[in-house]
Amino acid sequence: MVDDATTPTDLTVANPDGTFTRTLNTAPVRMETSEGWVDISTDLVRTVEDGKTVIKPEQIPVDVTLGAGGSSAMATIDDNEGHSIAQSWPFGTLPEPVIESNVATYRQVLPGVDLVQIAHQTGVSQVLKIGSAEAARDPRVVEMRLYLDAGNATVSEAEGGTLTATGSDTGQVELHMSGGQWWDSSQPGASALDPGTPGLTRPFTFSLGQEAGKQTQVFGMEAILSTPDLQYPIYVDPPWNTPRTSYVFVDTAYPNTSYWNGQFTDQTMNVGYLPSYWAPDGVTHLARSYFQFEGKTFDATANLINARFEVLETWSSSCTPTGVASWITGEVGTGTTWNNQPQLKVRTDGGNVAKGYSSACPAGMVGFDLLAAENILLNSSKWTIMLAADNELDTSGLAWKRFANSGAIRVDYNRNPTGPAIHSIQSGRWTGTPWGATSKYVTRVTKPKLTAMVGDIDLDGAEIKVVYSVRRASGGGSIFSGVVENTSPQWHAETMDWGSWAALTEGDYVFEARSYDDWGGISPLMTFPFSVDLTAPTAPKIEPVAGAAYTVTTNQTTGVTSYSDNANAPGDAVYPFKISNNYVDGRVLRADGFIYAVSKETAVTPPTNVNCQSPPAKEFVIVCPDGDSMVINIGAVNQKTVLSVWAFDAAGNVTGTDPDDQDYQSGAAKTATLTVAEPVLTKTVVGLAPTGNAKWVDIHADGDNLAVQRVPQGSCVEETVPVASRNARALQFNPGAGKAETAARAVDTSGDFSVAAWVCPTSVGGGTVQSIRSLITQLAGSTPGAALEIGEWGSVRLQAWTGTNSSHIVNEDSGTLPVGQWSYVTAVYDKINRQLRLSSQVGGSISDWVIAASQQNILPAASTQKVIVGQSIGGAQQFNGKIYRPILTQEILTDTQFSTIQKAFVNTGGTNDKEGLLQ
């Protein structure tokens with residue numbers, strides 16, 4: 001059940017196949033309670049209210065209470081909106097009633113008179129069964145009246161001899177009588193519940209009176225009792241109800257009488273021709289019946305599968321089927337009569353039926369197809385169905401039929417799938433504000449993957465099919481098409497590969513998609529314009545900024561501009577440069593932004609698939625100015641530093657890239673070269689005290705310049721006999737706990753620093769966190785500030801901590817550190833350029849760097865924080881092997897300085913190495 005589409009007369013149920021069944025009733029069949037929707041039940045039950053036993057319908061939307069006998073209390077109807085009518089018997093105490101289903105019968109309320117009270121969905125009717133002429137002559141019957149007590153309402157006489165109760169607070173009719181009616185026993189089957197076979201009753205009027213200070217409902221009995229040839233018992237029915245808008249029949253016998261909502265009738269519906277000799281009033285009748293339904297209009301995406309009107313045929317003139325036609329008409333109301341009928345719109349169906357005459361053709365449901373009026377049903381909130389004899393000129397009387405007043409429309413419908421919505425086109429981006437008037441969606445991929453959001457509004461239904469296509473914006477047929485079969489109705493992204501279709505060329509296109517379901521439902525067409533752009537933006541400009549620390553020199557022959565600063569070394573100064581767009585009009589898009597890199601080399605490769613939201617990657621920084629230019633600040637990374645700048649556009653084209661190379665690997669950058677000072681540094685070696693299984697040992701070292709760079713030689717697994725006068729000292733870490741420590745801090749890790757060492761491990765790798773080996777660690781409180789390490793897979797790495805549980809790591813990508821061989825490992829943290837740089841080489845030269853971006857600040861190390869060599873905090877990450885000439889200094893060392901600075905390890909005379917950490 002679809003709760004938000006449920007009302008007392010309207011029920012929608014979602015079916016497992018994705019369709020819906022909607023049932024509309026003319027009368028309420030359910031009501032909403034604190035426990036949800038429940039079916040209405042008019043069956044009477046005894047209950048206790050305010051200490052008194054009363055009789056009430058089991059579950060109806062209005063509050064009806066019947067007297068349980070032993071008092072004059074007869075019936076109270078309350079609309080649950082604060083308006084009520086209470087009736088009481090003016091002739092003494094009522095007996096205890098006999099209850100059967102929705103009927104309470106009070107026997108012998110007067111001699112020969114029974115009171116029958118009948119509960120309905122919207123009220124109660126009382127029938128006086130007058131059993132004989134003698135009983136009818138009782139003065140109390142002749143002057144029949146009931147006491148009335150109105151709550152928050154005023155009772156008044158209405159047109160046609162009925163009574164209404166107008167709310168004191170609303171000024172609207174809240175309760176009303178459906179017109180008095182009576183019948184005698186002249187027709188077979190007449191009872192308190194039914195006037196007999198043809199179903200015709202005769203009206204009588206009510207008026208208001210006063211008695212003993214009380215308002216009375218006065219029956220117009222004179223017109224009834226003066227009717228000739230009465231056959232007893234006779235039945236007199238004065239019903240009270242809440243207003244209901246649902247049904248009416250019209251009759252040529254009384255062409256200006258409105259039988260709206262059953263007034264002046266037994267509340268059944270009549271259809272067909274009834275000859276005068278068959279009618280209890282001796283008048284020829286031709287009747288039509290109208291059933292009116294109200295509800296919300298159908299969803300705009302609905303398509304009807306089936307639609308039928310169903311109603312109970314309670315009686316027919318014989319078991320010979322005769323034709324009944326169904327029509328959709330204009331609305332009916334209180335003024336609808338035979339002489340004032342609504343316009344006929346569509347005849348929907350016809351059928352021969354006969355039910356209710358006898359046990360051979362008992363009363364039963366009949367149905368009429370409504371699909372001929374699909375457009376009216378889908379686009380209206382009120383539907384009126386008329387039943388009429390198919391041949392109204394048939395005067396035999398066999399076409400006269402009676403129907404219940406509460407029909408139902410049952411509709412099976414499907415809703416069209418939700419229209420697809422654009423998700424993305426491979427590598428596509430907007431050139432400006434998404435969906436902006438001047439913004440375009442562009443890609444540089446010529447065989448792009450196409451992705452749309454698809455689904456069915458009927459989420460639990462069957463799978464759907466989605467058809468994709470691409471055409472040129474200028475017109476023509478599809479240049480790509482494809483079908484996604486049997487995809488989920490749940491809203492999701494569905495991607496289709498371009499496949500073997502011809503590649504797109506540069507130009508403007510439209511991506512289209514439409515969904516289909518198994519019931520023939522078709523979604524709206526999605527259209528999404530996009531462009532293929534293969535032209536890279538023009539190379540940007542690099543210009544100096546006034547007041548910068550560098551000197552600008554332009555070669556008059558080549559026109560090349562160079563920058564130099566002889567006063568500062570790497571890390572000492574910040575250098576601003578202005579980078580600018582340098583684009584031209586036409587199909588060449590304005591650059592979205594720039595990629596710049598600060599490195600030692602000119603041949604660096606920019607990253608692929610960048611946009612303005614891309615984070616820094618390695619040495620590459622992505623920036624997107626609000627205008628055409630911006631100033632960037634860089635630092636020198638070596639004696640010679642290269643600033644490389646590329647421009648990229650929304651399609652992902654980068655300066656200088658090959659349009660046919662969709663995953664570009666190179667690009668012609670605009671470059672600027674900066675040369676800075678490279679002073680000779682004088683450093684000191686501070687003590688490293690070994691403990692545990694760590695100790696200083698002799699190793700064999702050699703080199704061209706023994707006073708500067710002494711390269712370890714041979715296998716480092718076993719100690720070797722040193723060459724005379726060339727002894728070198730290394731820290732040996734045997735299996736087990738062992739480390740060496742300084743007495744105080746070597747560097748503040750929140751600033752620039754360099755770290756290096758000769759390393760010869762006896763084992764590396766393992767693939768787990770436990771297999772990480774710590775080489776040199778600067779503490780920063782309860783966590784390291786920075787550490788040179790061998791990672792879990794055996795490659796060297798520099799890790800710098802930004803918080804207790806967060807860090808940046810740069811991994812050496814040339815492979816596993818060799819076991820049993822000496823490698824020279826260097827690393828730098830460059831705060832100005834926000835870079836971590838790392839290299840490991842077999843031999844003493846520095847050539848290749850691995851770089852990682854570090855956008856957050858590194859934790860500071862206080863002056864009392866130690867340096868640990870060979871393990872990390874608490875003895876974790878124990879290193880096994882040898883470490884020679886460890887360096888940790890507050891400088892950005894150049895390639896040359898990493899070599900020359902090592903002379904600080906050599907004692908006077910160039911013989912023995914100092915034991916310690918170069919700071």
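A cavity here is a set of grid points where a 1.4 Å probe fits but cannot get out, and a lining residue has an atom within 4 Å of such a point. In this predicted model, the largest cavity is lined by 13 residues, with Leu200, Thr201, Phe249, Tyr259 and Phe264 lying nearest its centre. Its volume comes out at about 100 Å³, and its lining splits into 6 nonpolar, 5 polar and 2 charged residues.

The count is 5 cavities of 30 Å³ or more.

β35 runs antiparallel to β36 (residues 441–443), and 2 bridges join the two strands. Within this pair, arginine 429 sits opposite valine 442 of β36.

As for confidence, the chain has a mean pLDDT of 88, and 93% of its residues reach 70 or more. Among the elements, the lowest mean, 71, belongs to strand β23 (residues 240–241), while strand β64 (residues 867–869) has the highest, 97. Over residues 661–666 pLDDT stays under 50, and the model gives this stretch 18 contacts beyond four places in sequence. Where pLDDT is low, the predicted coordinates should not be read in detail.

Terms used:
Residues numbered from 1 in each chain as written. Predicted model: local features only at pLDDT ≥ 70, side-chain atom pairs only at ≥ 80, totals over all residues. Heavy atoms only, no water. Pairing = 2+ DSSP bridges. Helix = DSSP H or I, 4+ residues; strand = E, 2+ residues; numbered from the N terminus. pLDDT = per-residue confidence, 0-100. Contact = heavy atoms within 4.5 Å. 1 Å grid on protein atoms, 1.4 Å probe; cavity = no way out; pocket = protein on both sides within 12 Å on 5 of 7 lines; lining within 4 Å. Points joined across faces, edges and corners; volume = space filled by probe spheres on them. Nonpolar A, V, L, I, M, F, W, Y, C, P; charged D, E, K, R; others polar.
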